[in-house]
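Q: I'm new to reading protein structures, and I'd like to take a close look at a single part of this one. Could you walk me through it slowly?

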Amino acid sequence: MGGLISSAVQAYDYSNHITPDGVEYGFHQGDKNGPLLIAMTTDIKESLSDVYSPIGGLLAKKGYSIAAIDVTCHGKDLKKKEKYGLDCWRSRADKSESNIFESYTAHVKSVISDIAKTQQTDTSNVTALGVSRGGYLAMKTAAELPEITIVIALAPVTDVFRLREFDDASASRSLYSIKPFYPVLSKKHLFLQINNNDDRVGTDEAISLIRGVVAAGGQREVDLTAVITPRKGHSTSEHEAAAAWAVNARKAGVEAVQMAPPK
């Protein structure tokens, strides 16, 4: 995620916890019974900082509690002799007949359950923040866990086979496609930002997902806000807008004013 790093990095206090079934996670306590944000970038430490996006810090100021676990192939999830990050994703996917991210989804579910029992935090309508590779996991996890209803995906991977690390991969494309999740995602609240020329994760692939999720909603209005920014390369922006959108997404009955175009 080289192009995503901010020059002004901030972090917020967090403590380390372990769920009853052994999942390690970091947790920043916000306001009593305030909302929960799960940050998905790389490892726990970086996810619980503003290194890739200031949205966590912005929402922490709004009283959000924030949690993170090690993303697949990052932090303690990386095994001895494995390559870091996306190269590890490719290697594991080629060797496995099952989806390598199922354990991540299970870990997030375990963490939400533990927070609900042990922390003073509202775990209904959880928000997931995913940056780049984390955007892929945020959408997949939200589609599989009903507790996550709000998703912010910045410069997201929407097709792992678009990544250079997956060139000539032997893994099943259908196994890692997000398309089967479009109907469920159409019922969530989704904010997506992508540059208009992102050659790393693919602008066309992101636009295809946007169209697919909206189409999956049929006649329903789909709460999907997409911002295509006038930049070349792989980077994130619209952080303040996304944070404000997430707060509003939790408020029942809030509707944006719509104006009719000229006839």
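Which residues does Asn 195 touch, not counting residues up to four places away in sequence?

A: Happy to! Keep in mind that this is a predicted model. Leaving out residues up to four places away in sequence, Asn 195 touches Thr 203, Ile 228, Thr 229, Arg 231, Lys 232, Gly 233, His 234 and Ser 235.

Asn 195 sits in strand 7, which covers residues 189-197. Asn 195 counts as buried because its relative accessible area is 0%, and the cut-off for buried is under 20%.

Two of the neighbours deserve a second look. The side chain of Asn 195 makes a polar contact of 2.6 Å with the side chain of Thr 229. Another polar contact, of 2.9 Å, links the side chains of Asn 195 and Ser 235.

Now follow the chain to Ser 237, in the loop between strand 8 (224-232) and helix 8 (239-249). Ser 237 has a relative accessibility of 9%, so Ser 237 is buried too. Not counting residues up to four places away in sequence, Ser 237 touches Leu 154, Gln 193, Thr 229 and Arg 231. With Arg 231 there is also a polar contact between the side chains, at 3.4 Å.

As one example, Ala 128 has Val 151 in strand 6 as its bridge partner.

Finally, a look at the nonpolar residues. In soluble globular proteins, nonpolar side chains tend to be buried together. Here the largest nonpolar core has 53 residues, and Trp 89, Val 108, Ile 148, Val 160 and Tyr 176 touch the most other members. Helix 5 (residues 133-144) gives the largest share of this core, 6 residues. Apart from this core lies another of 24 residues, including Ile 44 and Ile 152.

Key. Residues numbered from 1 in each chain as written. Predicted model: local features only at pLDDT ≥ 70, side-chain atom pairs only at ≥ 80, totals over all residues. Heavy atoms only, no water. Helix = DSSP H or I, 4+ residues; strand = E, 2+ residues; numbered from the N terminus. Buried < 20%, exposed > 50% of the residue type's maximum accessible area, 1.4 Å probe, protein only. Polar contact = N/O pair within 3.5 Å; in protein donor to acceptor, adjacent residues only side chain to side chain. Contact = heavy atoms within 4.5 Å. Core = buried A, V, L, I, M, F, W, Y, C linked by side-chain atoms within 4.5 Å. Pairing = 2+ DSSP bridges.
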